[in-house]
Amino acid sequence: MKFQIFLTKHTNQITLATGVLIVLGMLSKYLLNFTPGYTVTLAVASVIAAVPIAVRAFSALRNKVFSIELLVTIAVIGAFVIGEFNESAIVTFLFLFGSYLESKTLQKTRTAIKGLTDMSPTTATLVTDSGTEEVDVDDVDEGDVVLVKTGSQVPVDGEVVEGSGYLNEASITGEARQINKQLHDNVYSGTMVENGYLKIKATQVGDDTTFAKIIELVEEAQDTKSKAEKFIDRFAQYYTPAVLVLAALVFVFSRDFRLAITVLVLGCPGALVIGAPVSNVAGIGNGAKRGILIKGGEVIDTFAKVDTLVFDKTGTLTEGNTAVTTMNTYTDHVADQLGLAAAIEGVSDHPLGQAIITYAEKQTTHTAPTLDDTETVKGQGICAKVNGQSIVIGNQKMMTAHDIGLTPKQAHDLNALQSAGQSTVIMAVDGQVQLMFGIADTIRPEVKDSLAALKAQGIKRTVMLTGDNQLTAESVAKELNLDEVHANLLPEEKVEYVKKLKADGNTVAFIGDGINDSPSIANADIGIAMGSGTDVAIDTSDVVLMQSSFPALVHAHGLAKKTVLNTRENIFIAIATVVFLLIGLIFGYIYMASGMFVHEASILVVIFNAMRLINFQTKFDKRQPAMKSQPATA
């Protein structure tokens with residue numbers, strides 16, 4: 001075992017020594033005309049290079065695995081038997097050199113993992129009764145408070161209890177922009193404080209942090225095999241013994257030992273074995289760099305076949321925050337009346353009222369009036385007295401209860417807002433309607449273009465399932481050009497609809513926020529969670545979009561399709577190489593050393609082909625504007 005470890009550590013040096021000996025042998029024969037030196041030098045080179053290959057072959061045989069190394073080892077022994085030391089030396093050198101290049105190029109495809117690991121925080125500044133103390137991040141417990149200053153990493157998941165600052169959340173979302181964090185905001189381990197300072201109460205530490213789970217997820221994903229990889233693994237188990245039998249038959253019928261040994265060399269299925277896994281590793285790495293976590297090769301295979309996308313509405317197609325989308329006015333003093341509406345809604349924490357307050361803050365700078373008296377009517381609205389005026393603000397029931405009638409114009413406006421699926425709030429002063437608000441959950445600005453891009457990539461059907469009312473759902477579906485919409489659904493009814501789509505022969509992906517929709521996410525062929533790393537999202541879904549953005553969904557789908565195509569290209573290259581070598585052998589153009597050279601070249605071709613995935617972009621990605629950073633001031 002120790003000898004095997006030693007050989008593994010010094011494979012590069014062994015490869016270099018073999019190459020030097022081959023060069024010296026060639027110089028001995030062709031420059032000094034000293035054939036014995038040539039023979040001895042190449043024989044020594046063959047032995048040195050064959051030892052690590054033979055050790056690996058023996059180790060695989062102990063585990064009942066017929067490896068490529070076994071074919072090469074037998075071929076080298078055969079070359080020694082017939083005295084072809086030049087062939088054995090060149091074959092073993094090319095094999096070792098090819099393995100070296102494989103390992104180097106494969107390392108590049110795993111740069112996402114290395115980058116994530118390098119960003120892992122190692123220390124934390126713990127706040128204690130006597131001040132602060134620098135400790136190992138593993139010594140921080142839940143409930144502890146840590147201090148993070150400008151230029152430092154957040155070491156835990158937690159809640160801001162003091163301070164404010166701008167954080168770069170690229171390690172979590174893949175998007176290098178600065179996010180302002182203030183009191184009671186949640187922050188994640190691995191993010192960087194660009195400006196300001198924060199005191200954070202730890203809620204998740206160590207391996208339980210979002211960042212640690214992301215690293216674990218991507219590492220597991222890169223080791224999870226696709227159907228193509230599983231098939232090739234099974235194929236290789238039978239293929240290697242078959243090549244051995246074929247070589248034996250060639251020798252029995254031709255009595256040509258050299259030909260039989262050459263068959264062994266040409267039969268090495270290296271490009272076929274490496275082609276699929278390197279494509280999946282590169283594809284998963286590309287996604288990880290962009291905050292897209294794909295749980296393995298099998299998920300990539302299935303995602304590429306998806307033809308039906310099913311969406312939740314709130315928090316997925318929409319922002320999840322109510323906002324004023326329309327304000328109809330029936331007064332000349334709009335700014336004054338809007339400030340009055342905001343002041344009255346300030347006594348309530350109702351989402352519709354908060355939407356009016358936010359809207360007013362953006363539209364007017366008027367000083368809020370002093371309220372003389374207020375009364376909240378549950379399910380209807382608020383009554384108030386301001387400077388002797390009687391104010392009523394609320395829904396249509398509130399107006400009816402106070403005998404406030406609507407003019408034909410106002411009734412038409414109210415009906416138009418309700419038909420568009422918007423919630424309505426009316427404000428009347430001394431019995432006269434002054435303002436009418438249409439409030440809705442706003443659609444994400446990038447959704448419509450993203451859905452069109454997904455259709456262009458092969459998605460045939462888009463469906464929205466929501467617990468919201470039918471009018472609102474239909475309004476959103478119409479604006480986004482969705483194919484189907486189903487409203488007023490409970491979570492279990494969404495699950496049943498997903499199952500029905502699958503039973504009808506569709507390959508279904510469900511996209512939700514990873515919390516309320518976890519049952520539907522789990523039951524779809526592919527579950528996609530849009531969110532910044534919640535436990536449920538990571539555990540339940542097959543794909544996590546840490547940016548919670550639709551362009552990321554477009555990229556993830558395009559990446560899956562491209563990765564599957566890349567895998568097929570690699571398999572074709574591998575099979576074409578074998579066919580080429582066999583034809584060359586039959587017509588006498590390919591020999592042992594040249595066959596090994598072509599074999600190793602084919603391995604590098606499939607690796608370099610797969611590496612193109614590292615920088616893959618969809619056409620939609622290229623159209624997206626560069627993300628602007630927030631100002632770097634606290």
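## Helices α4 and α10

The crossing of α4 and α10 is left-handed, a term for a near helix turned anticlockwise from the far one by less than a right angle. Helices here are DSSP runs of H or I with at least four residues, strands are runs of E with at least two, and both are numbered from the N terminus. This is a predicted model, where local features need pLDDT of at least 70 and side-chain atom pairs count only at pLDDT 80 or more. Residues are numbered from 1 along each chain, and side-chain values use heavy atoms.

Helix α4 (residues 68–81) packs against helix α10 (residues 257–266) at about 155 degrees, the axes lying 8 Å apart. Axes are lines fitted to C-alpha atoms, for helices over the stretch in contact, and angles run from 0 to 180 degrees between N-to-C directions. The pair is therefore roughly antiparallel (over 145 degrees; under 35 counts as roughly parallel). Contacts (heavy atoms within 4.5 Å) bring residues including L71 and I74 of α4 to partners including F257 and I261 of α10.

## Helices α18 and α23

Now for another pair: helix α18 (residues 447–456) and helix α23 (residues 550–586) cross at roughly 10 degrees, their axes coming within 9 Å. That makes α18 roughly parallel to α23. Among the residues in contact are V447 and L451 of α18, with F550 and V554 of α23.

## The sheet and its helix

Six strands form an open sheet in the order β10-β15-β14-β13-β12-β11, with antiparallel pairing (at least two DSSP bridges per pair). Helix α17 (residues 408–419) lies across β10, β14 and β15, at about 10 degrees to β15.

Methods
Angles under 35 degrees count as roughly parallel, over 145 as roughly antiparallel, 65 to 115 as roughly perpendicular and the rest as oblique.
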